[in-house]
Amino acid sequence: MGEDVDALKRRLPLLDYLRQHNWTGHPASRSEFVGLCPLHEETRPSFYVNTRKNVFYCHGCGQGGDLIRFIQLSRHLSFRQSLARLDLQTSPTVDSAAVLEQAAAFYQQQLDHYPEAMRYLNRRGVQDPALIGELEIGYAPGGSLRRHLTAQGHSFDLLRQAGLLNVNGSDAFYQRIVFPLRQGEHVVNLYGRSIGAAFTHRFLPGAKGGLYAWEKVRHYPEVIVIEGLFD
Ligand SMILES: [Zn+2]
């Protein structure tokens, strides 16, 4: 156990973790950074991070310790829960394909419930239910994905990493037709086409480009390649 914890902490230094969570620190000495304490309200920085020892100490609230301790305090988790969270966070590729898969499935279920989405597809010449099903086309109404996926046990950090949530924790896709982009078996990204006033095209961060639905057409003797998903 002890060795695992050390390995985890090496994989993600405390300072990196804090910066990923929008903490801003300024160099205070050779191996120290100082900034506002994320654990209590303050206006003058008293939160110190020692990068050599990989620990923090706050002169304001008196809290201190390593990364695990910080996660315990900031997230109100037990030692064991903090370890589990950290483990998930330091191995991002493991679950991000799975979480994209579940997001795509959720969006697919939504399509039938939003007539405006079907109207948009029909207007763009996509009417065949079999084709819609085969291409796994879905609809993101916005505002309900986070609740759905966290209820499935996915952490907020993972949803953020996959780009499904914005920095403020709201759904990245609002009122968008969603196409899952697959490479082989795995969903590698989602493309969202706005049916409202938002900017037309949107991908999640991660792999873009390549050929959409290539697996579905590769066995045909002739294939016409076009630029956009609705062309
Ligand atoms: Zn503090």
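Over how many bridges do β1 and strand β2 (residues 32-35) pair in the antiparallel sense? The legends below take up this pair and its surroundings, and then a second sheet.

This is a predicted model, in which local features need pLDDT of at least 70 and side-chain atom pairs count only at pLDDT 80 or more, while totals for chains, interfaces and linings use all residues. Residues are numbered from 1 along each chain as its sequence is written.

**View 1. The pair β1 and β2 in an open sheet of five strands.** β1 and strand β2 (residues 32-35) pair in the antiparallel sense over three bridges, where strands are DSSP runs of E with at least two residues, helices are runs of H or I with at least four residues, and both are numbered from the N terminus. Two strands are said to pair if DSSP finds at least two bridges between them. Within this pair, Pro27 has Phe33 in β2 as its bridge partner. The order of the sheet is β1-β2-β3-β4-β5, with antiparallel pairing, and its edge strands, β1 (26-29) and β5 (64-65), each pair on one side only.

**View 2. Helix α3 and the residue just after it.** Helix α3 spans residues 67-75, and its buried residues are Leu67, Phe70, Ile71 and Gln72. Here a residue is called buried if 20 or more other C-beta atoms, placed from the backbone, lie within 10 Å of its own. Just after α3, His76 takes a positive phi of about 55 degrees.

**View 3. The open sheet of four strands, β6-β7-β8-β9.** The pairing in this sheet is antiparallel. Because β6 (138-140) and β9 (201-203) stand at the edges with a single partner strand each, one side of each is left without a neighbour in the sheet. The twist averages 35 degrees from one strand to the next, with axes taken as lines fitted to C-alpha atoms and angles running from 0 to 180 degrees between N-to-C directions. β6 pairs with strand β7 (residues 176-183) in the antiparallel sense over three bridges, and Ala140 stands opposite Arg176 in β7.

**View 4. The hairpins on either side of β8.** β7 and strand β8 (residues 186-194) pair in the antiparallel sense over eight bridges, and the bridge partner of Val178 in β8 is Gly192. The hairpin of β7 and β8 has two residues between the strands, and Gly184 takes a positive phi near 60 degrees there. β8 and β9 also form a hairpin, with six residues between them; three bridges join these antiparallel strands, and Arg193 stands opposite His201 in β9.

Notes
Buried ≥ 20, exposed ≤ 12 C-beta atoms within 10 Å, placed from the backbone.
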